[in-house]
Amino acid sequence: MQTLRVLAVLFLVGLGIVAYALWGRSGREASTASAAPARSIPIELLTQMQPVKDIELEYHQPDLPPGPGHELFATQCVICHSPRYVLNQPIFPRKTWATEVHKMAKAYGAPITPDQEPLLVDYLVSWHGKEDAPAAPTQNTK
Ligand code: HEC
């Protein structure tokens, strides 16, 4: 009785495996059949089916204040990232802006000459920076 039951279970499991294998094979065959070379649709037909549309994307630019250095900033500092990216930085002290501008030229290859750096730093400090804090008074150790 016990043996019969074990055999019945084994038979059912075997049947399941065979059924699964056959089902899987037919699935694969179906997928290879549908992978027949696709016929190309002529472009005229495509544009008829899906007419070309123009969309206009809004372009938001932060208002960069005029002043000395504006032209240089608006051309050389927006090549790799937006002016907004620069504007999103904290209000840096002059020292930090000088380091930033120098880093853009040295590390990232911003096309600015060393004599243009102070002009850019002045411009950045004027609208998004502050002067350096005065050096802490040295302690009198007399
Ligand atoms: C040649 C490409 C390039 C140019 C031109 C450029 N930058 Fe950058 N800038 C970068 C890259 C790259 C980063 C780093 C972005 C990141 O970390 O995801 C960066 C980051 C910054 C940051 C964020 C702080 C930091 O150090 O990561 C500031 C501020 C900045 N740039 C200012 C400027 C200014 C001012 C100029 C004009 C002098 C300038 N950038 C021109 C490539 C450039």
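What covers the buried residues of H5? The cover includes strand E1 (92-93), H6 and strand E2 (129-130). Here, two residues are in contact if their C-beta atoms, placed from the backbone, lie within 7 Å. A residue is buried if 20 or more other C-beta atoms lie within 10 Å of its own, exposed if 12 or fewer, and partly exposed in between, with C-beta atoms placed from the backbone.

This is a predicted model: local features need pLDDT of at least 70, side-chain atom pairs count only at pLDDT 80 or more, and totals for chains, interfaces and linings use all residues. Residues are numbered from 1 along each chain as its sequence is written.

**Overall build**

The protein has six helices and two strands. From the N terminus on, they run α-α-α-α-β-α-α-β. Helices (H or I, at least four residues) and strands (E, at least two) are DSSP runs, numbered from the N terminus. Buried residues make up 9% of the 142 residues. Of the contacts with a separation of 6 or more, 67% join residues 24 or more positions apart.

**Two helices**

The expected span of a helix is 1.5 Å times one less than its number of residues.

| Helix | Residues in helix | End-to-end C-alpha distance | Expected span |
|---|---|---|---|
| H5 | 13 residues | 18 Å | 18 Å |

H5 buries Trp97, Ala98, Val101 and Met104. These residues cover an arc of only 130 degrees around the axis, so they sit on the same side of H5. The arc is that of the directions from the helix axis to the C-beta atoms. An α-helix has 3.6 residues a turn, so residues three or four places apart point the same way. The face of H5 turned away from its buried side carries exposed Thr99, Lys103 and Lys106.

In H6, the buried residues are Leu120, Val121, Tyr123, Leu124 and Val125. Their cover includes H3, H5 and E2. Val121 touches Arg94, Trp97, Ala98 and Val101, not counting residues up to four places away in sequence.

**The core**

The largest nonpolar core has eleven residues: Phe73, Cys77, Trp97, Ala98, Val101, Met104, Leu120, Val121, Tyr123, Leu124 and Val125. H5 and helix H6 (117-128) are the elements that give two or more residues to this core. H6 supplies the largest share, five residues. Such a core is a set of buried Ala, Val, Leu, Ile, Met, Phe, Trp, Tyr and Cys residues joined through C-beta atoms within 7 Å.

**Around the ligand**

The ligand has 16 residues around it, and Cys77, Cys80, Met104, Tyr108 and Ala110 come nearest. A residue counts as near if its C-beta atom, placed from the backbone, lies within 6 Å. Helix H5 (residues 94-106) gives the largest share of the shell, four residues. The shell divides into ten nonpolar, four polar and two charged residues.

**A loop proline**

Pro65 lies in the loop between helix H2 (43-49) and helix H3 (70-76). Pro65 counts as exposed because it has 10 C-beta neighbours inside 10 Å. Pro65 and Trp127 are 62 residues apart in sequence, yet 7.2 Å apart in space, C-alpha to C-alpha.

Note on methods: Nonpolar A, V, L, I, M, F, W, Y, C, P; charged D, E, K, R; others polar.
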